[in-house]
Amino acid sequence: MNLRSRLLVLVLATAVLAAIAVVATLRAADRAAEREHARPGDPVARAGAVTLGQPGRLLFRNLAWGPQRDHVSSVPLTAPAGPRTSAPRDCLRFHAAAGTGICLRATGGVVPGHEAVLLDGQLRPVRAFPVPGMPTRARVSPSGRLAAWTVFVSGDSYAGGAFSTRTALYDTRTGTLRPDLEKFTVLKDGRRHRAVDHNFWGVTFAADDNRFYATLATGGRTYLVAGDLARRTLRILRENVECPSLSPDGTRVAFKKRVPGAPAATPWRLHVLDLRTGQERALAERRSVDDQALWLDGHTLLYALPGDFGADLWSVPAAGGGSPRMIVKSGTSPAVTA
Amino acid sequence: MALGAVSLVTDVSAEMITAVLPLYLVVGLGMSPLAFGALDGLYQGATVLSRLAGGHLADRGAQRRKRVAGSGYALSACCKLALLAATTPAAVGAVLAADRTGKGLRTAPRDALISLSCRPEEQGRAFGVHRAMDTAGALLGPLVAFAVLWAAHDGYDAVFVVSFCAAALGVLLLVLFIRDVRDAREPSSGTGRAEAAGASSSPQVRARVRPRGTLRTLVRIPGLPRLCLVAALLGVVTVSDSFLYLLLQRRLDLPAPYFPLLPVGTAAGFLLLAVPLGRLADRIGRRQVFLAGHAVLLVVYVLVLAPWGGGPAAALCALLLLGAFYAATDGVLMAAAGPLLPPRLKAGGLALVQTAQALARLTGSLLFGAAWMSFGPEGAMTTAAVALIVAVPVAAAFHRRSRA
């Protein structure tokens, strides 16, 4: 082939490839627009007032298609399958307790950014903190004083595709932000433990607004750590614990655990650990749960499983036995108002 | 340069995926990225093997370099489409492993083609131009990806299709405009055509291409083992970027959202300096520039460690210097190795040098991690700086003897 015919081939092929690229983008844009319309048979969500002050309600991120998608929505705990009331507040991750809410959301713009927004009882923003990656976990302490959030800092092309997490704690009373749990001292068997690859995620607070639990990953293993905010320490308690969630009475921790023999991609089963006896119990949920469970009350756990529109919320007895039940279709990131 | 253009569009394609993959996994598929990260690590080793294989295969015949590089590019292009179908972590991991295999396959033959396409005294400039275009593509990729996502909310499939189109364009550019340089000592054109058709080559050629035979031949090439040793020695004391960024971030108390911008600073320095430093290397000697690059790296270490009040300005300085380090070493090493190698061993020889360096850097990272654990971050950095101070003169002494 001479240069002219080669150039001709190049121009033609470029035109075809460009056309394919444009068509693919336009079709994806169309599909995105489709999601703005509610589909028949889906849970109904209507715009309305959502507050953190009304007791006995379940709040979550609504995932049903329609204009209320991604908005914080609320249903009565007595009728979780009923129509949803949605606040005009979009969150990727959400949690709330005692009148304080934390919302991890995407900021607008071409290059995706994310922020953590502290919310008051009316879900109005109080303070926003920029975060360095994709939101994954959010928690408020039972008293509403402390908030914690975890994001994934994605590996850029130079770092070789590895992921790391960053967990921040915020004290609403003193206004102190601790942007990185990695600055805390990690203790293993009473001695300081150092490693480059310390990663933390999934904080859960005790009632005293000082103690908390979290996941530490290092050297390819995960650990349950007990944190002390005042001393800025994290003590390693137990191996193979991820995403702890402390029960309302502070005696048990629900978590996901890697079980041998499960597929590498979906290795987790929900367990509950009794902190006093050190006994752990597998729950009735046989599917792999990759979520930080929430205690609906002292006896029931709530967690998200992948569903048709992202995720559904399921419940299972915390004492073992029973069977999992779907509570909310097309929803994730639950919180309960007391 | 056509190969530069190939790399540019290919890197646009690759970096589009790198930029959105975490988002896709978490937001699109609802996967836990940490689980994926662990899976991903399993496949990292694939590149080393496929790079050596690519180099070895490419040396086997007349048109092989282009063909091996082309299959590497094509394999990676197909992986972009395969991502559309991959919805489980295992599947995504497998696709990425294939993608990286493609990258490993193409690297050495591509560098061999660059090296063969220009005269020995222009090698530095040629590699400089190539690496600069490559980096430009890497910087553009994420922008294109986010533009697509901005136009189509959650349109990850569109990102994959657009990325495939860019990769396909890269393959096409390679097929149309890159001509494999024929070695004068290669069998006559008749045999060459037979080889191109996939037929077996002459017994003489086959005898030479046995891996062990090739390795033995490579080791006997004057200067090459020494260059590998120098690259490996300096590779061990090169602290990986992610550690440097982490330390910089800690020293500066850099607001977290700016963290992803750090590599952009390095890439900018690399982009600006790759061509001028490549030319400089052609003029004053590639090994000198390569060593000087490591001296610059030492300045980076000192900047990261030193008690400075400079803040962002000093950090920017460190990043640009880190870019300068890469500009003075990445393409320049290939430019130094290229002329040592006879054309028929070009790709395999370059692959060997790259692998020596890559393995040394991996070892360095493990050692640095261990040092961090025992001496803390600053201690580890100081250790690395001291090791670098020792390694550079040793490498220089080595290099002086090799020039004599």
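Select Glu34(A). Glu34(A) counts as partly exposed, because its relative accessibility is 45% (buried means under 20% relative accessible area, exposed over 50%, partly exposed in between, with a 1.4 Å probe and protein chains only). Glu34(A) lies in helix 1 of chain A, residues 3-34 (helices are DSSP runs of H or I with at least four residues, strands are runs of E with at least two, and both are numbered from the N terminus).

A note on conventions. This is a predicted model, where local features need pLDDT of at least 70, side-chain atom pairs count only at pLDDT 80 or more, and totals for chains, interfaces and linings use all residues. Residues are numbered from 1 along each chain as its sequence is written, chains are lettered from A and ligands numbered from 1 in the order in which they are written, and side-chain values use heavy atoms, with hydrogens and water left out.

**Salt bridges**

Stay on helix 1 of chain A and pick Arg31(A). Arg31(A) forms a salt bridge with Asp157(B), with 3.0 Å between the closest N and O atoms (a salt bridge is a side-chain nitrogen of Lys or Arg within 4 Å of a carboxyl oxygen of Asp or Glu). This pair crosses between chains: Asp157(B) sits in helix 7 of chain B, residues 156-177, and Arg31(A) in helix 1 of chain A.

How many salt bridges does the whole structure hold? A search over all chains finds 27.

Next, select Arg258(A) and Glu242(A). Their salt bridge has its closest N and O atoms 3.5 Å apart. Arg258(A) lies in strand 20 (residues 252-258) of chain A and Glu242(A) in strand 19 (residues 242-246) of chain A, so the pair ties together parts that are 16 residues apart in sequence. Arg258(A) is partly exposed, with a relative accessible area of 36%. Glu242(A) is buried, at 4%.

Move to chain B and select Arg110(B) with Asp111(B). Their side chains meet in a salt bridge at 3.3 Å, N to O. Both residues are buried.

**Two sheets in chain A**

Switch to cartoon view. One open sheet has five strands in the order 1-4-3-2-27 of chain A, with mixed pairing (two strands pair if DSSP finds at least two bridges between them). Which strands are at the edges? Strand 1 (45-47) and strand 27 (331-337) of chain A are, each pairing on one side only.

Color strands 1 and 4 of chain A. They run parallel and are joined by three bridges, with strand 4 spanning residues 84-90. Ala47(A) has Ser86(A) in strand 4 as its bridge partner.

Strand 2 (residues 57-62) and strand 27 of chain A run antiparallel, joined by five bridges. Leu58(A) stands opposite Val336(A) in strand 27. Strand 27 is mostly covered, with six of its seven residues buried.

Another open sheet has six strands in the order 14-13-18-17-16-15 of chain A, again with mixed pairing. Its edge strands are strand 14 (191-192) and strand 15 (199-205) of chain A. Inspect strand 13 (residues 185-188) against strand 18 (residues 233-239) of chain A: they run parallel, with three bridges between them. Thr185(A) has Thr233(A) in strand 18 as its bridge partner.

**Last stop: a buried serine**

Select Ser13(B) in helix 1 of chain B, residues 2-28. Ser13(B) counts as buried, because its relative accessibility is 1%. Where does its side chain reach? The side chain of Ser13(B) reaches the backbone oxygen of Ser163(B), at 2.9 Å.

Methods: Polar contact = N/O pair within 3.5 Å; in protein donor to acceptor, adjacent residues only side chain to side chain.
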